Amino acid sequence: MSGAEYLLFILMLSIFLGFELINKVPATLHTPLMSGANAISGITVVGAVALAGTGSETMAMWLGVGAVTLASINVVGGYMVTDRMLGFFKKKED
Amino acid sequence: MTTELMTQLGYVVAAGLFIFGLKMLGSPATARRGNMVSAIGMLVAIIAALLDQGIVDFTYIAAGMVVGGAIGAIAARAVAMTSMPEMVALFNGLGGAASLLVGWAALSPDSSTFTLVTIVLSILIGGVTLTGSLVAYGKLSETIGSGAITFSGQQIVNSLVVLGIFGGAVMFCMNPTDPNWLYMVIGLALLFGIMAVIPIGGADMPVVISLLNSYSGLAACAAGFAINNNALIVAGSLVGASGIILTQIMCKAMNRSLPNVLFSGFASVSNEETVVEGEIKPISVEDAYYVLEAATNVAIIPGYGMAVAQAQHVVKELTELLENNGCEVNFGIHPVAGRMPGHMNVLLAEADVPYDQLLEMDEINPRMETIDVAIVIGANDVVNPAAREVESSPIYGMPVINVADARTVFVLKRSMASGFAGIENPLFYKENTRMLFGDAKESIGGLIREFS
């Protein structure tokens, strides 16, 4: 059941869900939201590993290896810098 | 249970964790754990992907992950908080590039037309995101000039590029075995990213990086269609939605439409002269201290000039002294106070200002009349009353922080030069405004010495 219409269905639902979720993020957290989104967009690594691991040294494999490397920068860098930033946010202690 | 099923279930769990992580980002108290939840989701997704039985050789995968991970980790530790816009711009570009490569690698001789269309889309969006982000990075870090670059015939060149992309994309989908059409689309997509961002000035980069953030998600989404992977589609569209919302917020805060930001480099800017009446009233550090000493409610309105002067730590110190003196202190933060959405909040949080003292524009404006002293530090256009009062002003209609409604306004300013947008500011001439000239860090340092 992984036809195009099924994928489009998933797409529609997740866009609506995305709007609902992100609208509730307060302005004070918009920079961590963006860097966290950077990390999530590194999800491409999931698609890239299958292409990079074919063992055949074709062009497609090298493209996959490049994608794994770039997406890993996003995943690791994005989550780490977001964590670093959110560590600064503290509540007032009385 | 087959490994295929386990992989798919892994993606479902990962998507759930991403969604839950974003939900926890709805409050500063849970945000850090939310980021952790999202990171665990990513780990689950990667493990699920590695179960794929098509993978026979893990050498290059491991090499790519180690190299990429190390670069990411070093960058995340080293980056200064003032440079976050550059880092986000660069990361948007990398995300776009990764999607471009995945789309390209997904091409096989037996791809269906639907798959070919999605491959073209991931290459197109990924390519535009890559070079557009690099130009945005260059403008933000000022390695290239931050001004708008325009030349005659620019619109004609851009139209030709768009036509070329469209033609190349159609030809590629009809002749997928001829790689030349593919190379043409890749080349033109990269060119279009550059052409789209060079006519936009540095001051509008908050909008551009928000939009490119959205594109990096949409590129991942398109790549997800190309390789039939719904983890990419769900995560990509969450990022896409996030970028679009931030873009809208930035445009609204500047009172401009998105097309106006993207294409105004082509239009000639009209320079209306604002006629301002009144006189400038300077104040000394000592006199400013006497006013603050008697104040019971102070609001600080920071602009990016405060971060440039590296004054946020002394501002925090002054805040503490005022509070010890029995005064309530809050910060009023305009959405475009920093160089990206929420940037000013991060800079103040880094200086240990608690987040419950950081008020949004819509929260601080109704309270402004009860405030004894509003201190404007390094901000100009975001407190300009011309936006409300002078219909001929270029920023008329832009939402601003109404500092003039406070009993007294202190404006800390180096000299009388105009703001980033080059617009005269009638605030400086108001009856209740006092100008504290000099470097913001030194002026505040002087106030701190008076207090102690």
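Me: Which residues touch the most other members of the largest nonpolar core?
Reply: In this predicted model, the largest nonpolar core holds 197 residues, and Ala45(B), Val185(B) and Val376(B) touch the most other members.

Me: What is Val185(B) in contact with, leaving aside its neighbours within four places in sequence?
Reply: With those neighbours set aside, Val185(B) is in contact with Val120(B), Ile123(B) and Leu124(B), and also with Ile165(B), Gly168(B), Ala169(B) and Phe172(B).

Me: Ok, and what domains does chain B have?
Reply: The domain assignment of chain B gives domain 1 as residues 1-78, domain 2 as residues 84-266 and domain 3 as residues 285-451.

Me: How many residues are in contact between domain 1 and domain 2 of chain B?
Reply: Domain 1 of chain B brings 7 residues to that contact, and domain 2 of chain B brings 6 residues. On the domain 1 side, the largest share, 5 residues, comes from helix α1 of chain B, which covers residues 3-24. By class, that side of domain 1 has 7 nonpolar residues, with no polar and no charged residues.

Me: And what separates the centres of those two domains?
Reply: Taken over C-alpha atoms, the centres of domain 1 and domain 2 of chain B are separated by 24 Å.

Me: Switching to the two chains, how many residues does each give to their contact?
Reply: Chain B gives 94 residues and chain A gives 74 residues. Among the elements of chain B that give two or more residues to this side are helices α1, α2 (31-50) and α3 (59-78), together with strand β3 (358-360).

Me: What about chain A, how many helices and strands?
Reply: Chain A has 4 helices and 0 strands, and read along the sequence the pattern is α-α-α-α.

Me: How does its radius of gyration compare with that of a compact globule?
Reply: Chain A has a radius of gyration of 18 Å, whereas a compact globule of 94 residues would have one near 12 Å. Along the principal axes, the C-alpha atoms of chain A fill a box of roughly 60 × 30 × 15 Å.

Me: What share of chain A is buried?
Reply: Buried residues make up 61% of the 94 residues in chain A. As for contacts in chain A between residues at least 6 apart in sequence, 60% of them join residues at least 24 apart.

Technical notes:
Residues numbered from 1 in each chain as written. Chains lettered and ligands numbered in written order. Predicted model: local features only at pLDDT ≥ 70, side-chain atom pairs only at ≥ 80, totals over all residues. Domains from an automatic or database assignment. Nonpolar A, V, L, I, M, F, W, Y, C, P; charged D, E, K, R; others polar. Rg over C-alpha atoms; globule rule 2.2 N^0.38 Å. Buried ≥ 20, exposed ≤ 12 C-beta atoms within 10 Å, placed from the backbone. Core = buried A, V, L, I, M, F, W, Y, C linked by C-beta atoms within 7 Å.
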